[in-house]
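Student: I have a new model to look at. Can you walk me through it?
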Amino acid sequence: VSFGAYHDAKERVRQATDIVDLVGGYLDLRSQGRDFVALCPWHNDSRPSLRLNRERQSWKCWVCDIGGDVFSFVMRREGIDFRDALQWLADRAGIELPSRGGGPAPAEGPGDKRTLLRAAAWAEARFHEFLLNAPEAETARRYVASRSISDPNIRRFRIGYSPPTWQWILEQASRDGIARDVLQAVGLVAVSERTRTFYDRFRNRVIFPIRDPQGRTIAFGGRVLPGDDDANAAKYINSPETPLFSKSEQLYGLDLARDAIAKSRHIMIMEGYTDVIAAVQHGVAEVAAVLGTALGERHLRVLKRYVDRVTLVLDGDAAGRRRANDVLKLFLAANLDLRILTLPDELDPCDFLRDRGADAFRTRCDEAPDAIEHKIRVETEGLDLARDTHRANVALEEILATLALQPIDDPASPVRLRHQQIVARLGRRFGVSESALTTRCDAIRGSRATPAGSPAAERSARGLDRGPGPSASPGDSADLALSARGLPDRDRELLEILVLDPALIGQLVDTLPSELVASQEARRIYEACAERWHATESLTFAQIMTDIEDADLKNVLVDVDETARRKAARTEHSTRERLTLLVRAYDRIVARREGEGILADLQRTAEEGDDQVDKLEALLAIHRQTKCP
Ligand SMILES: [Zn+2]
């Protein structure tokens, strides 16, 4: 029975993808019993902690406390959302997905993303070959050498050159059969308003291809060669916004940094391509750069998939200080640890690395103050706190306003502890009591309109935002309490029954309304199971897993599945018996709620004295029922 074209396509992609084959493409697998294990790429793993379950087609690292299926492996590994992971796996398996609108798939042309990606890759190769081989590229080669970029790095970053003519890439394209409107959609050419003809956007520039985190070329940056005749030419230009490229989201070099940052969960953000290349050349791999824009909210959303800590590397000028101030609030709200590294003597990272070396750079990085400390330093710079009380108060208010952005609802969060330490430090520094500071901070927080039920607040309350940081020690791995993920016992029992014997949902759907499932995670999974059952009268573990697209919920499912099957091997109760007990437990909840309702009614109508006897009898009946074993 069909459950819609979209679900059918998902199903086909799942069936065409084997977890062992997929993960084996990324990691070295070793067989262990019936399963495979690998060194987990998301923590500093010395013994293989990532386990593949071939039968369930699932993966799990107990140290990181993360797991999932083929889709969520690709989501996590490639840093993409479910739809993109589905497309990625469909491409890999050669399966055509139905288009989202249900209409025919777009033909090859400027509207087709894959055509644009092919064109960008093609152009990258043309520029790169030209830089390496063309006699006309001699000046460009000399410039690149003068920036001490090594040959291996020229190749690694696929640096290229576009000569100073107006139609070079257009001529290459017409020779290779690439349409002009496709080049325009990639941002390589533009149309002259005066002559209405196409012209190359990048002329006489060293080309730095910009790639997405998956390593696909999506845009270009160009640096004009020194001595260019055109005095008006900007030193650096980037591709305009295109269907492939958004500068507020992309970071230069992130694709090459991914393996390094996956282990350390830390990245340094610089301001230019050449800074990144210089860092990599000096053996500092955890680097990326913004692309002609300040670090913004969308960058953070991308970075959060990979890291817990970001060090912003700034030139030591005033503009750099202002930028730090601007991003600080974003970081606090995103609950990411931000450090600010200000280089001395107005050096940029390139110069600093060349003059003082990578070790000095790393030391500076390790000593970089966190963002709030940085904020305190900036606000109190040159201020006599004891004498200039007015300015001290202004500075303190400014600092507290920033501090109040920190989410500290979760009492177990390290942020909260850190917050308290900062308040204590501020108190000493400004000579104000800690309680007064906390009160003021709470007042600022309270005056901001952030509804308590906002998704972010809920997430942080549930603790799902906790990344697989290096803080998890291998000792945690055997602790099955993790598998509970804070699920109430009854919800966990429900999920365990569903993963062990999914067809039992048939006995539940009509009797168990989803409102009775207490936790949001279990309720969403139960609802997906019920929806599938209503549509197809069938349910398997693989179907549940494929229907659920949320990576966190997939994680919960794998978690429950692993625990459930271990438990099932030990217990004498059959899944059916467990279901009977569970249904009784839910019945008791319903009965208790009804009883409470009647009691409330009774109290309301006590004065009027009518039909109290009937109600009392009903209550007693329920009472007897709930006492039954
Ligand atoms: Zn791990």
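Predicted model: local features only at pLDDT ≥ 70, side-chain atom pairs only at ≥ 80, totals over all residues.

Student: How many helices and strands does the chain have?
Tutor: The secondary structure comes to 27 helices and 15 strands.

Student: And what share of the residues is buried?
Tutor: Of the 629 residues in the chain, 48% count as buried.

Student: What about the accessible surface of the chain?
Tutor: That surface is about 30800 Å². Carbon and sulfur atoms hold 49% of it.

Student: Now contacts. What part comes from residues 24 or more positions apart?
Tutor: Such pairs make up 66% of the chain's contacts with a separation of 6 or more.

Student: New topic. Which residues are the protein donors of the zinc ion?
Tutor: C40, C61 and C64 each give their SG atom, and H43 gives ND1. These donors lie 2.1 to 2.3 Å from the zinc ion.

Student: What geometry does the site have?
Tutor: The site is tetrahedral. Angles among the four donor atoms are 99 to 115 degrees. For four tetrahedral donors, the ideal is 109.5 degrees.

Student: How are the donor residues spaced in sequence?
Tutor: The pattern is C-x2-H-x17-C-x2-C.

Student: Why does the pair of C40 and C61 tie parts together?
Tutor: C40 sits in the loop between β2 (35–38) and β3 (50–53), while C61 belongs to strand β4 (residues 58–61), so the pair links parts 21 residues apart in sequence.

Student: Is C40 buried or exposed?
Tutor: C40 is buried, at 2% relative accessible area.

Student: And C61, buried or exposed?
Tutor: C61 also counts as buried, with 0% relative accessibility.

Definitions and conventions
Residues numbered from 1 in each chain as written. Heavy atoms only, no water. Donors = N, O, S within 2.8 Å, 3.2 Å for Na, K, Ca; no water. Tetrahedral: all angles 85-135°; square planar, octahedral: opposite > 155°, others 65-115°. Helix = DSSP H or I, 4+ residues; strand = E, 2+ residues; numbered from the N terminus. Buried < 20%, exposed > 50% of the residue type's maximum accessible area, 1.4 Å probe, protein only. Contact = heavy atoms within 4.5 Å. Areas by Shrake-Rupley, 256 points an atom, 1.4 Å probe, with all protein chains shown as cover.
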